[in-house]
Amino acid sequence: FVDASTLEVLTVMSAAGYRPSRNWARASLSPDERFAMAGSIDGKLYVWDVNSGDLVRSLDVHKSPVCDALWDPTGTRVYSAEKSRYIMILQ
């Protein structure tokens, strides 16, 4: 994450195996802003702790690259879409 006022890098998040499925990537913040999530070319969803930058979990739920993933506003569900045109709803 980057401080918008100073452009200082605050947290860097990475994980072995994580690769964006496109030539750009978008992370989704949980409603409480404690976690960031992004989909990968390997079909996994990666979830990081925003404060530490540590990988919290990787979820192997898709059979093709993940194009996008979002938290619902309550934080109880995650919606993710894969390249093979399937959408997963995780609780």
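The dialogue below goes through some features of this predicted model and how to read them.

Q: How many helices and strands does the chain have?
A: Helices (H or I, at least four residues) and strands (E, at least two) are DSSP runs, numbered from the N terminus. Here there are zero helices and seven strands, and the pattern along the sequence is β-β-β-β-β-β-β. The chain is as compact as a globular protein of that length, because its radius of gyration of 13 Å is close to the 12 Å that the globule rule gives for 91 residues. That radius is taken over C-alpha atoms, and the rule is 2.2 Å times the number of residues to the power 0.38.

Q: Is serine 40 buried or exposed?
A: Buried means under 20% relative accessible area, exposed over 50%, and partly exposed in between (1.4 Å probe, protein chains only). Serine 40 has 0% relative accessibility and so counts as buried. Its place is the loop between β2 (35-39) and β3. Of the 91 residues in the chain, 31% are buried.

Q: Which side chain does that of serine 40 join in a polar contact?
A: A polar contact is a pair of N or O atoms within 3.5 Å; within protein, one must be able to donate a hydrogen and the other to accept it, and residues adjacent in sequence count only if both atoms are side-chain atoms. The side chain of serine 40 has such a contact, of 3.0 Å, with the side chain of aspartate 42.

Q: Where is serine 52?
A: Serine 52 is in the loop between β3 (44-49) and β4 (55-60). With 39% relative accessibility, serine 52 counts as partly exposed. A polar atom of the serine 52 side chain lies 3.1 Å from the backbone nitrogen of aspartate 54.

Q: What is phi of leucine 7?
A: Phi of leucine 7 is near 65°, a positive value in a residue other than glycine. Leucine 7 is in the segment before β1 (28-29) and, at 66% relative accessibility, counts as exposed. Glutamate 33, also not a glycine, has a positive phi of about 60°. Glutamate 33 sits in the loop between β1 and β2 and counts as exposed at 55% relative accessibility.

Methods: Residues are numbered from 1 along each chain as its sequence is written. This is a predicted model: local features need pLDDT of at least 70, side-chain atom pairs count only at pLDDT 80 or more; totals for chains, interfaces and linings use all residues. Side-chain values use heavy atoms; hydrogens and water are left out.
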